[in-house]
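Okay, everyone, thanks for coming. Let me put the structure up, and then I'll walk you through it.

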Number of protein chains: 2
Amino acid sequence: MKLARILRDGPDGPRPRIVAVDPEAGRATDLARAEQLRLERRGCTPATARRLADAHLPQDLAAGLGSPSYREDLERAAAEDPPDDAVLELDGARWLTPLDPPRFRDFMAFEQHFVSARAVRGNPVPDVLYTLPVYYKAGHLSLLAHEQTMEWPAYCEWMDYELELGFVVGGTGVDLTAEEAEQRLFGVTLLNDFSARDRQFEEVAGGLGPAKGKDFGTALGPWITTLDELDPLEISLAARVNGQLWSSGRSGSALWSAGELTAYLSTAEPLVPGELIGSGTVGGGCGLELGNRLVPGDVVELEGSGLGTLRTRLGEPRQLRWAPQERIPGQMVDGRRGIEPTPLAALRPDAPPPPVPRR
Amino acid sequence: MKLARILRDGPDGPRPRIVAVDPEAGRATDLARAEQLRLERRGCTPATARRLADAHLPQDLAAGLGSPSYREDLERAAAEDPPDDAVLELDGARWLTPLDPPRFRDFMAFEQHFVSARAVRGNPVPDVLYTLPVYYKAGHLSLLAHEQTMEWPAYCEWMDYELELGFVVGGTGVDLTAEEAEQRLFGVTLLNDFSARDRQFEEVAGGLGPAKGKDFGTALGPWITTLDELDPLEISLAARVNGQLWSSGRSGSALWSAGELTAYLSTAEPLVPGELIGSGTVGGGCGLELGNRLVPGDVVELEGSGLGTLRTRLGEPRQLRWAPQERIPGQMVDGRRGIEPTPLAALRPDAPPPPVPRR
């Protein structure tokens, strides 16, 4: 299945609807509507059919994924011969992100990317990138749909794209093994982790990771392909800027598998159905590695085998209305360093010895 | 108002309920129940009163804050002489976090903290901490309620607390000035940003900020005090470990005001009602600065004037079921560096010159 979300008009205004996409036919099926008519054909009253369809196929993939039978529910509705008013043309469709993920964590799992991105800037590769699958917490509330214009942040002079995969979690669980975690994955989609490189490099010097350098907008979609349809290690990927090929890569060149990334995320923190996992940028998958950058008006397309094309137009820079004023060091340091506590060794003679740094 | 959320039993099992807390009296009022009876007294049928109370006072503060009249709705219900079955004893209450925030971003706004924490480790203070209010995206899905036991992550040998304030956003808006942003703040609470220092220092070397070093659990509460009740620059703060005072500080010693922090967050990213903003650790407000650390079984209490006491007991270490295996450098670097794109200058002679690094 290829699951997307598009807007449909109704008496309460436009509403998001989850659809199964058939890209070759240029059509999509409104799944809750198909399910409703299926239930009516089986003898439900229209009101009951609507209530059951709403409960089993909510217009929010993350909510649906809270039930272990959701995939079955989707498949049953998609298998139905759809009634005419459940069939939609993709031409002119108003795409939404296929998902409103409750959380979004994004890795840096492609060695080729982090090696060449560091080389361009003359920085060494830190050891930890080989010992842990390092990630950052990304902007789950500022995702951009297919065909949506990205508003260019006022503080950015150096804009870049990043060619990534997005994995959608379909279950829950904590402290999983890689094998267990892989079973929790539901689908995969394209993810363009747009980056304001100037702000990113400025802020990461503070040690808290990227924030305003990344979170103004991340494109996701156009649809989620369920993992029974493809091998996540065999996805061919490409990025085009204004129709010109800039990047190409393959999903299997990551240091860590999707199952390993997901297992690491589940360590001490339960997975949440519908959360989004970014693979990190594929090798050569951004302008930073290529010595090039984006300008307002550019059209960036990501392409993936089985995943379609995710298109974003870059808008004009926003107006800067406010910016923080630089502070003078030493104004807020008053020599207080908390209360001197009794040393741990005195309080707790049985306490374990101080930890040894790993590297 | 002091707003909390506690569990109450019902025919569908225990349910979260939003209450107004009166700490001196040791009691709380169930606000939706009070509102329901208020509406009945004014002539609504019981079913209509319940429907209206549910709509105006949902059991989710973030949902309620989506309406600009929510504060008024809360105050009207809290002002009502509460019926007996809406009054709850705090003694033995099952506390939840006062909020399920849709997002949580945590700053490093106290100079005393970042100067002394860096000094302890022999690291210089980066310039950016004086030019931008740097923050990280924190664990909004792993918050711990007052009195909840923190499960100790298996990978941690060096546990620490962090004494912080949490600000709750009560409105929306994008690209706000500090004055405008301050008007969007709804309330303030205590926040204990527990930190697995060993994992934190290991992972931040990767440049993506803290992740597993922080997100296993952050305590929040016990209640949210609305900002009409106190001056956020005049809050006295303290941290006690097993009853012993370890840290004390004051909210006004931050480099940036809550309005400035919020304005920065709103830049190019709309605020979301109910999102949580961490102030960062107050000077001297963690064991790292004091040369001490926590062990399993410790009880950590944060205290704030007007904010009550937030208590957390540290549990025993979890079992490690899976860990990533170290990778050998160079295995996934194959020399591909994307497709060589036409340089920007050739494609776009009118493009602006390459950006100048700010520092």
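Let's start in a loop of chain A, the one between helix H9 (258-266) and strand S17 (276-278), where A:Ala268 lies. Helices here are DSSP runs of H or I with at least four residues, strands are runs of E with at least two, and both are numbered from the N terminus. Phi of A:Ala268 is near 65°, a positive value in a residue that isn't glycine. Most residues other than glycine have a negative phi, and most peptide bonds are trans. A:Ala268 counts as buried, because its relative accessibility is 9%. Buried means under 20% relative accessible area, exposed means over 50%, and partly exposed is in between, with a 1.4 Å probe and protein chains only.

Quick housekeeping. This is a predicted model, where local features need pLDDT of at least 70 and side-chain atom pairs count only at pLDDT 80 or more, while totals for chains, interfaces and linings use all residues. Residues are numbered from 1 along each chain as its sequence is written, chains are lettered from A and ligands numbered from 1 in the order in which they are written, and side-chain values use heavy atoms, with hydrogens and water left out.

Chain B has a positive phi to show you as well: B:Glu147, near 75°, and again that's not a glycine. B:Glu147 is in the loop between strand S8 (143-144) and strand S9 (149-152) of chain B. Is B:Glu147 buried or partly exposed? B:Glu147 is partly exposed, at 45% relative accessible area.

Now for the peptide bonds. In chain A, a cis bond joins A:Gly221 and A:Pro222, with omega about 0°, and A:Pro222 sits in strand S14 (residues 218-226). In chain B, the bond from B:Gly221 to B:Pro222 is cis too, omega near 0°, and B:Pro222 lies in strand S14 (residues 218-226) of chain B. B:Pro222 is buried, at 2% relative accessibility. So what is B:Pro222 in contact with, leaving aside neighbours within four places in sequence? Its contacts (heavy atoms within 4.5 Å) include B:Ala4, B:Trp95, B:His146 and B:Leu307.

On to a sheet. Chain A has an open sheet of five strands, in the order S9-S19-S18-S15-S16, with mixed pairing. Two strands pair if DSSP finds at least two bridges between them. At the edges are S9 (149-152) and S16 (244-250) of chain A, each pairing on one side only. From one strand to the next, the twist averages 20°; axes are lines fitted to C-alpha atoms, for helices over the stretch in contact, and angles run from 0 to 180 degrees between N-to-C directions. Strands of a sheet pair through backbone hydrogen bonds, either parallel or antiparallel. S15 (residues 236-241) and S16 of chain A run antiparallel, joined by six bridges. For instance, A:Arg240 has A:Leu245 in S16(A) as its bridge partner.

Next, a helix. Helix H8 (residues 197-204) of chain A is largely enclosed by the rest of the structure, because seven of its eight residues are buried. Among them are A:Arg197, A:Asp198 and A:Phe201. What covers the buried residues of H8(A)? The cover includes helix H5 (111-121) and strand S13 (195-196) of chain A, plus helix H6 (128-131) and helix H9 (258-266) of chain B.

That brings us to how the chains meet. The contact takes 117 residues from chain B and 116 residues from chain A. Between them they bury about 10,100 Å², 54% of it on carbon and sulfur atoms; buried area is the accessible area (1.4 Å probe) that two parts lose on being put together, summed over both. B:Leu208, B:Trp322 and B:Arg327 supply 8% of the area chain B buries against chain A, more than any other three residues. The copies meet through the same surface, because 99% of the interface residues of chain B are also interface residues in chain A.

Chain B superposes on chain A with a rotation of 180° and 0.0 Å of shift along its axis, RMSD 0.0 Å. The two copies are therefore related as by a two-fold rotation axis. Superposing here is by least squares on the C-alpha atoms of residues with pLDDT of at least 70 in both. In chain B, the C-alpha nearest the axis belongs to B:Gly209, 1.8 Å away from it.
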